[in-house]
Structures are given as structure tokens and as C-alpha cells.
Amino acid sequence: FLVATNMGEVMMGKIKSGYSDVYRLIVLSYLNNKDFAQAIRYAKEAIALGMGYREIFLLYAARASYELGHYQASIKLIKEALAIDPRYAEAYELLSQNLDATQQSPMAEQMKTRAKLLKEQNGMKYPGPNEVNLRIL
């Protein structure tokens, strides 16, 4: 019984991971197609369902909010992502763009510098819409 329970937990973990990957592809597809409202919808749905990668989905929703000109909403989502992972270079990059858009250039430069240093130290943590080549087989 113990082996079956552990195997069931492993399988559920794999299924959840698979669903999370599907949600990532859906959100990235909407971002690439500039359907930002749908990107936000599915990113938030993935978060609500506990799909994992919460900080990634937060950043995807933040990117879409930024593209829609909803800078304060984007900043709020970025801060949530950074609370999960304070070394998330891509979040600092997007924060920098939001701060530039809201006329906060000195702080934007600080965030841009922080993002650059983190990328040099750690590389990119998660591919975003510009780093993923989506192909449907």
C-alpha cells in the first residue's frame, strides 16, 4: 500500500507538472500573439489552480499588464514574483521597464543594473515569450 501511495504521488506530480507546462505554453502563445487579456486570464488561472511555477505565471501576467499599459498592476505582480524568488533577473528587467514608463528613471536604472548582475551570476532563470520558440508538431 505504501508503494502504491508513493507511486500515486509521483504520478500526480508528473501530471501536475505536465498541466503546468501546458499552461505555460498557452500563456506564452497569447503573449506572442499580443492577446494580453487572454495571457493574463490563463496566467491567473494557473496561479489559482496551484499549477506550480507561481513566480513565472506572475511575471507572465505582469508582462501582459505592462503591454496593456497597466503599469501599477504589473509592478504589483512583479513584487509578488520577487517575494517568491528575489534572484529573478527577468522580474527586475520588467520592473525597470515599468518604472521607466511611470517616469521613475533613477529607480529603473537601479533595477536594470540588478537584472544585469543577476543574469551574469545565474543566467536566465525562466525563458519568456521572446526566448521560447513555440512550435506545434
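## Overview

A residue is called buried when its relative accessible area is under 20%, exposed when over 50%, and partly exposed in between, using a 1.4 Å probe and protein chains only. By that rule, 36% of the 137 residues of the chain are buried. This is a predicted model, in which local features need pLDDT of at least 70 and side-chain atom pairs count only at pLDDT 80 or more, while totals for chains, interfaces and linings use all residues. Residues are numbered from 1 along each chain as its sequence is written, and side-chain values use heavy atoms, with hydrogens and water left out.

The chain holds six helices and zero strands, where helices (H or I, at least four residues) and strands (E, at least two) are DSSP runs numbered from the N terminus. Read from that terminus, the order of elements is α-α-α-α-α-α. Among contacts (heavy atoms within 4.5 Å) with a separation of 6 or more, 58% join residues 24 or more positions apart.

## Helix H5

Helix H5 covers residues 89-101. Its 13 residues should span 18 Å at 1.5 Å a residue, and the end C-alpha atoms of H5 are 19 Å apart, which agrees. The expected span is 1.5 Å times one less than the number of residues.

The buried residues of H5 are Ala89, Glu90, Ala91, Tyr92, Leu94, Leu95, Ser96, Asn98 and Leu99. Their cover includes helix H3 (54-67), helix H4 (71-84) and H6. After H5 comes Gln103, with a positive phi near 60°.

## H5 against H6

Two packed helices are described by the angle and the distance between their axes. The axes of H5 and helix H6 (residues 105-122) come within 8 Å and cross at roughly 165°. H5 is therefore roughly antiparallel to H6, a term for angles over 145 degrees; under 35 is roughly parallel, 65 to 115 roughly perpendicular, and the rest oblique. Axes are lines fitted to C-alpha atoms, for helices over the stretch in contact, with angles from 0 to 180 degrees between N-to-C directions.

On the H5 side, Ala89, Tyr92, Glu93, Leu95, Ser96, Leu99 and Asp100 take part in the contact. They meet Ser105, Met107, Ala108, Met111, Lys112, Arg114, Ala115, Leu118 and Lys119 of H6.

## Leu28 in H1

Leu28 lies in helix H1 (residues 2-32). It counts as buried because its relative accessibility is 3%. Tyr42 is 14 residues from Leu28 along the chain, and their C-alpha atoms are separated by 9.8 Å.
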